[in-house]
Amino acid sequence: MRILHTADWHLGRILGNLSLLDDQAYMLRQFVDLAVETRPEVIVIAGDLYDRSVPPADAVTLLDDTLHELTSRCPAPVIAISGNHDSQQRLDFGARLLRHRGLHLFGSLGSAGVVQVGDTAFVAVPFAEPAAVRSAFPAYTGQDYHSALAFLLQQLRPAAGRAVAIAHAFVAGGGESDSERPLAVGTAGHVGVEVFAGFAYAALGHLHRPQTLGNARYSGSLLKYSKSEAEQRKSVTLVDLDGATEEFVLTPRRDLRCVQGAFDALRAAPPSQDYLYFTLTDPGLIPNAAQRLREIYPQFLGLEFRKAKEASERITGKAASPGEMFAGFWRHVAGEEATAEQQAVVAPFFEEAQ
Ligand SMILES: [Mn+2]
């Protein structure tokens, strides 16, 4: 069973004040071509098709065009679930009709279900907060994402035979980016990878970096959606349940990069259409630096001065432990080192929080 797995398209996303729609369309054309060429038996889109619950009209058109292309050019059924950015009800529109054409949309909990393809059952779980699961299923009384997803998988999963889970969730231990909207405060939104025990594969959405956790995998997002993703390589996953997993890298129309250098050197460098974040190495501030860089780099997204950044990191203690951050804070506020007694007073709170 060969499955083409993608997720987190976030159609309609805006970066800075720039619409990414043309870039998304460019990627989706490649995705459809890839689906035609690789001939998967199932195509999975694991949530966050749109960036917002009420997406812009041109994003709706792009999704409509893409799903039309996909279902007319590929014989494989397409299974898509909602993510935390999608409107569940809106994604459900027309779902019962579209099923007859091989497009299986699972927007809200009421539509959660199983698509049987050959010898494999695809258990599609739309994104749902624990409270929504409680109101849809009186038998569920839990409060957390882990037990809610475990309950739904248990409810839906056929008693026997091979099964694949499709979900939009934060699996504990997964690597985050800055473009995912947190599901809950702290670790309350996490699920343990063991909820997928017994499944041949879990096709996941939510984390934007492609990564594998046990039998679960995030295909990653369609494009780089934040500065923190500049070094990531976005891809689509082709998994063969009876064989190997392949990653296909799609080429973006414009890359998203972080560039560092002196202002004059950057002004003199060849122009670029990429999405760019700048770190200026100049010792002093430069008037209108952002505006002057934007003249040369139309996809300018932001800049910072390395010196100012280093100074703020010294104060806020970025990448430091909570204890070190407290010591830095105390030094900043009180002008002296925190004593061992003072550190001992706060230490238990940090432990409890972690
Ligand atoms: Mn997402």
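**Figure 1. Surroundings of Ala289 in a predicted model**. Leaving aside neighbours within four places in sequence, Ala289 is in contact (heavy atoms within 4.5 Å) with Phe263, Leu280, Leu303 and Phe305. This is a predicted model, in which local features need pLDDT of at least 70, side-chain atom pairs count only at pLDDT 80 or more, and totals for chains, interfaces and linings use all residues. Residues are numbered from 1 along each chain as its sequence is written, and side-chain values use heavy atoms, with hydrogens and water left out. Ala289 belongs to helix H8 (residues 289-296); helices (H or I, at least four residues) and strands (E, at least two) are DSSP runs, numbered from the N terminus. With a relative accessible area of 5%, Ala289 is buried, where buried means under 20% relative accessible area, exposed over 50%, and partly exposed in between (1.4 Å probe, protein chains only). Between Ala289 and Gly302, which are 13 residues apart along the chain, the C-alpha separation is 10 Å.

Figure 2. The protein chain contains 11 helices and 19 strands, and its C-alpha trace spans about 65 × 55 × 40 Å along the principal axes. Of its 354 residues, 50% count as buried. Among contacts with a separation of 6 or more, 65% come from residues 24 or more positions apart.

**Figure 3. Helix H1 and the residue after it**. Helix H1 (residues 21-38) has 18 residues and reaches 25 Å from its first C-alpha to its last. This is close to the 26 Å expected at 1.5 Å a residue, the expected span being 1.5 Å times one less than the number of residues. The buried residues of H1 include Leu21, Asp23, Gln24, Met27, Leu28, Phe31 and Thr38. Just after H1, Arg39 has a positive phi of about 50 degrees.

**Figure 4. Helix H10 and its cover**. The 13 residues of helix H10 (residues 322-334) should span 18 Å at 1.5 Å a residue, and the end C-alpha atoms are 18 Å apart, which agrees. Phe326, Ala327 and Gly328 are the buried residues of H10. Helix H11 (340-353) is included in what covers them. Gly335 follows H10 and has a positive phi, near 75 degrees.

**Figure 5. The largest pocket**. On a 1 Å grid over the protein atoms alone, a pocket is an open set of points with protein on both sides within 12 Å along at least five of seven lines, whereas a cavity is a set of points where a 1.4 Å probe fits but cannot get out; lining residues have an atom within 4 Å of a point. Grid points are joined across faces, edges and corners, and a volume is the space filled by probe spheres set on the points. The largest pocket holds about 450 Å³ of space. Its lining has 18 residues, of which Asp64, Leu67, Leu98, Leu103 and Leu105 lie nearest the centre. At least two lining residues come from each of helix H2 (57-73), helix H3 (88-92) and strand S6 (103-106), and H2 gives the largest share, 6 residues. By class, the lining of the largest pocket has 10 nonpolar, 4 polar and 4 charged residues. Here Ala, Val, Leu, Ile, Met, Phe, Trp, Tyr, Cys and Pro count as nonpolar, Asp, Glu, Lys and Arg as charged, and the others, Gly among them, as polar.

**Figure 6. The second largest pocket**. The volume of this pocket is about 180 Å³. Of its 17 lining residues, Leu223, Lys224, Pro252, Arg254 and Asp255 lie nearest the centre. The lining divides into 10 nonpolar, 1 polar and 6 charged residues.

**Figure 7. The largest cavity**. The structure holds 2 cavities of 30 Å³ or more, and the largest has a volume of about 120 Å³. Phe127, Ala128, Tyr145, Leu149 and His168 lie nearest its centre among 16 lining residues. Helix H6 (145-156) and strand S9 (162-168) each supply at least two lining residues; the largest share, 4 residues, is from H6. The lining of the largest cavity has 14 nonpolar, 2 polar and no charged residues.
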